[in-house]
Amino acid sequence: MSPTRTAGRRRKRRLVLVVEDDPYMRAAMRRLLETMGHVVVAIGSVSEAVAAHQRLVPDLAIIDVCIGTADGEALGELLRQRQPELPILYVSGKAGGPTLGPRERFLAKPFSGHDLEAMLRALLDANGGSA
């Protein structure tokens, strides 16, 4: 994919899989990520996420810790079975986050676009890429 220019720097476009059951939050994250120059596949359920991940190889996943009655951490583990190097950003409005592995970060809701961009940059930089 072609890079985009942001604040004088070239930035590689990333394919980001967003898994968020709240339609308003999902739409907001999609807009923020697209504004940052990323290609976004936004999904509202675990079953849709698994199906999408079978067709796609995302550069990054953003997963709500609680997806309805489902467990976002379990989804992350499932995605990693197919794609072990996948960086994952977990998000949640509840206190405390999941136990994180080396390719994972946590961001508490609510968050700003600047918070999201900084967290993505840190996650991708730590995993050999740049936001």
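A residue counts as buried when its relative accessible area is under 20%, as exposed when it is over 50%, and as partly exposed in between, with a 1.4 Å probe and protein chains only. By this scale R103 is partly exposed, because its relative accessible area is 23%. The model is predicted, so local features need pLDDT of at least 70 and side-chain atom pairs count only at pLDDT 80 or more, while totals for chains, interfaces and linings use all residues. Residues are numbered from 1 along each chain as its sequence is written, and side-chain values use heavy atoms, with hydrogens and water left out.

## Overall architecture

The protein chain contains four helices and nine strands. Helices (H or I, at least four residues) and strands (E, at least two) are DSSP runs, numbered from the N terminus. In that direction the elements follow the order β-β-β-α-β-α-β-β-β-α-β-β-α. The chain has 131 residues, of which 43% count as buried. Its accessible surface, from the Shrake-Rupley method with a 1.4 Å probe, comes to about 6700 Å², and 53% of this belongs to carbon and sulfur atoms. A contact is defined by heavy atoms within 4.5 Å. Among contacts between residues at least 6 apart in sequence, 58% join residues at least 24 apart.

## The sheet and its helices

Five strands form an open sheet in the order β4-β3-β5-β8-β9, with parallel pairing; two strands pair if DSSP finds at least two bridges between them. The edges are β4 (39-43) and β9, each of which pairs on one side only. On average, neighbouring strands of the sheet are turned by 20 degrees against each other, direction ignored. Axes here are lines fitted to C-alpha atoms, for helices over the stretch in contact, and angles run from 0 to 180 degrees between N-to-C directions.

Helix α3 packs on this sheet and touches β3, β5 (60-64), β8 and β9; its direction makes about 155 degrees with that of β5. Helix α4 lies across β5, β8 and β9 and runs at about 170 degrees to β9.

The parallel strands β8 and β9 are joined by five bridges, and S92 has A108 in β9 as its bridge partner. Strand β9 also holds L107, which counts as buried because its relative accessibility is 9%. Leaving aside residues up to four places away in sequence, L107 touches L89, Y90, V91, S92, D115, L116 and M119. The C-alpha atoms of L107 and G96 are separated by 9.8 Å, the two residues being 11 apart along the chain.

In helix α2 (residues 46-55), the buried residues are A49, A52 and H53. Seen down the axis of α2, they fall within an arc of 100 degrees and therefore line one face of the helix; the arc is that of the directions from the helix axis to the C-beta atoms. These buried residues pack against β3, β4 and α3. S47, Q54 and R55 are exposed on the other side of α2.

## Salt bridges

Side chains of opposite charge can pair when their charged atoms come close. A salt bridge is taken here as a side-chain nitrogen of Lys or Arg within 4 Å of a carboxyl oxygen of Asp or Glu. The whole structure has six salt bridges, including those in the table.

| Salt bridge | N to O distance |
|---|---|
| K109 and E20 | 2.7 Å |
| E104 and R80 | 3.0 Å |
| E85 and R103 | 2.3 Å |

E20, D64 and K109 are linked in a network of salt bridges. The peptide bond from K109 to P110 is cis, with omega near -5 degrees, and P110 has its place in the loop between β9 and α4.

E104 in strand β9 and R80 in helix α3 (residues 72-82) are 24 residues apart and also link distant parts of the chain. Both E104 and R80 are buried.

E85 counts as partly exposed because its relative accessibility is 49%.
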